[in-house]
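Q: Could you walk me through this structure, starting with its pockets?

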Amino acid sequence: MKIITTLFLFVAFSSAIGQEPIEVKIQDRPSSVGVHPAFEVIVPQATRFEAIDVLKSDFLPRGLFKKNAKVKKVKDEWLVDDVLLEDITSNPLDVITQVSSFPGHIYVRFFFRGIDGFLGEPNISPQATDAALQFVRDYGVKLYRQAVESELAEEEGQLRKLTKSLDRLSRKNNNFDDRVGDALQTQQDMDYEAVSRKMELKEAERSSYVGSEQLDDMEDQLKSTEKELKKAKKEEARMKRKIRKNEKEQRDLVLEIEKQEEKIEQIKQKLDNIR
């Protein structure tokens with residue numbers, strides 16, 4: 001099929017983030033009313049739902065009660081009859097829209113039918129055709145911006161989740177530190193108590209006034225104190241292992257956050273470069 005006219009919308013972009021330019025062109029395409037010139041645009045990242053939603057909300061005029069022009073879906077086309085698009089022409093137009101989805105992008109095609117035929121045909125005013133090209137260009141930019149804004153919002157949400165996870169790890173690590181401190185204090189208390197009980201037991205063993213039953217009780221108390229001391233040492237070691245694991249998780253998460261922040265900056269740059 002012969003390409004009649006081509007208009008490039010140059011979107012400044014950085015090759016590092018792989019941004020694509022938006023290209024609007026007029027090419028003969030089949031439709032429900034035959035093969036006619038279609039104003040075709042490829043929009044990265046966008047979805048079919050977004051394509052029609054943006055068309056309804058931002059590019060079709062509103063009526064008396066601020067409702068959009070009625071859009072009818074017939075098979076694989078969206079139809080709007082007798083709509084006045086003053087940016088294109090002062091005469092009503094029938095607009096046929098087709099959207100084809102592919103991985104990573106969509107094709108959107110517009111057919112504009114006026115009283116004298118389809119815009120883009122040789123007999124139609126070049127000014128109306130240029131205005132329609134501008135209309136579709138503005139639409140493609142709007143749709144692309146919305147898709148990138150959605151991507152940005154999603155990645156910023158992911159960053160918030162990562163930051164919350166880091167905060168939780170930090171609070172948990174503080175708790176581990178407190179428990180290590182408690183275990184060390186318990187060790188200090190039990191160590192002092194164990195030394196005291198050992199001294200008391202030795203003195204009692206040398207005394208002729210202390211019976212065997214009392215000595216057994218003192219030995220049991222010493223064993224109990226030593227058991228508590230051992231338990232406190234195990235708790236300290238266990239909490240320190242948790243702290244080491246937690247700190248590693250924090251380091252890994254900080255790296256992930258830094259990568260996520262860099263990703264967000266790239267998306268922001270991509271968004272800023274869309275014109």
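**Pockets, overall form and one lysine**

A: This is a predicted model, and in it the largest share of the lining of the largest pocket, four residues, comes from α2.

Q: Which helices each supply at least two residues of that lining?
A: Both α1, which covers 48-59, and α2, which covers 126-206, each give at least two residues to the lining of the largest pocket.

Q: And how many residues line the largest pocket, and which lie nearest its centre?
A: The lining of the largest pocket is made of 13 residues, and those nearest its centre are F59, L85, E86, D87 and F135.

Q: How does that lining divide by class?
A: For the largest pocket, eight of the lining residues are nonpolar, one is polar and four are charged, and the space inside this pocket is about 180 Å³.

Q: What about the second largest pocket, how much space lies there?
A: The second largest pocket holds about 160 Å³ of space, and of the 13 residues that line it, T89, N91, D116, L119 and I124 are the closest to its centre. Sorted by class, the lining of the second largest pocket has six nonpolar, six polar and one charged residues.

Q: Switching topic, what pattern does the protein chain follow along the sequence?
A: There are three helices and eight strands in the protein chain, and reading along the sequence gives the pattern β-β-β-α-β-β-β-β-β-α-α.

Q: Is the chain spread out or compact, and why?
A: The protein chain is more spread out than a compact globule, because its radius of gyration is 37 Å, well over the 19 Å that the globule rule gives for 275 residues. Along the principal axes, the C-alpha atoms of the chain fill a box of roughly 130 × 40 × 30 Å.

Q: How much of the chain is buried?
A: Of the 275 residues in the protein chain, 39% are buried, while the accessible surface of the chain comes to about 16900 Å², with 49% of that belonging to carbon and sulfur atoms.

Q: Which residues is K142 in contact with, leaving aside its neighbours within four places in sequence?
A: With those neighbours set aside, K142 is in contact with V54, D58 and F59. The C-alpha atoms of K142 and V54 are separated by 7.8 Å, although the two residues are 88 residues apart along the chain.

Conventions
Residues numbered from 1 in each chain as written. Predicted model: local features only at pLDDT ≥ 70, side-chain atom pairs only at ≥ 80, totals over all residues. Heavy atoms only, no water. 1 Å grid on protein atoms, 1.4 Å probe; cavity = no way out; pocket = protein on both sides within 12 Å on 5 of 7 lines; lining within 4 Å. Points joined across faces, edges and corners; volume = space filled by probe spheres on them. Nonpolar A, V, L, I, M, F, W, Y, C, P; charged D, E, K, R; others polar. Rg over C-alpha atoms; globule rule 2.2 N^0.38 Å. Buried < 20%, exposed > 50% of the residue type's maximum accessible area, 1.4 Å probe, protein only. Areas by Shrake-Rupley, 256 points an atom, 1.4 Å probe, with all protein chains shown as cover. Contact = heavy atoms within 4.5 Å.
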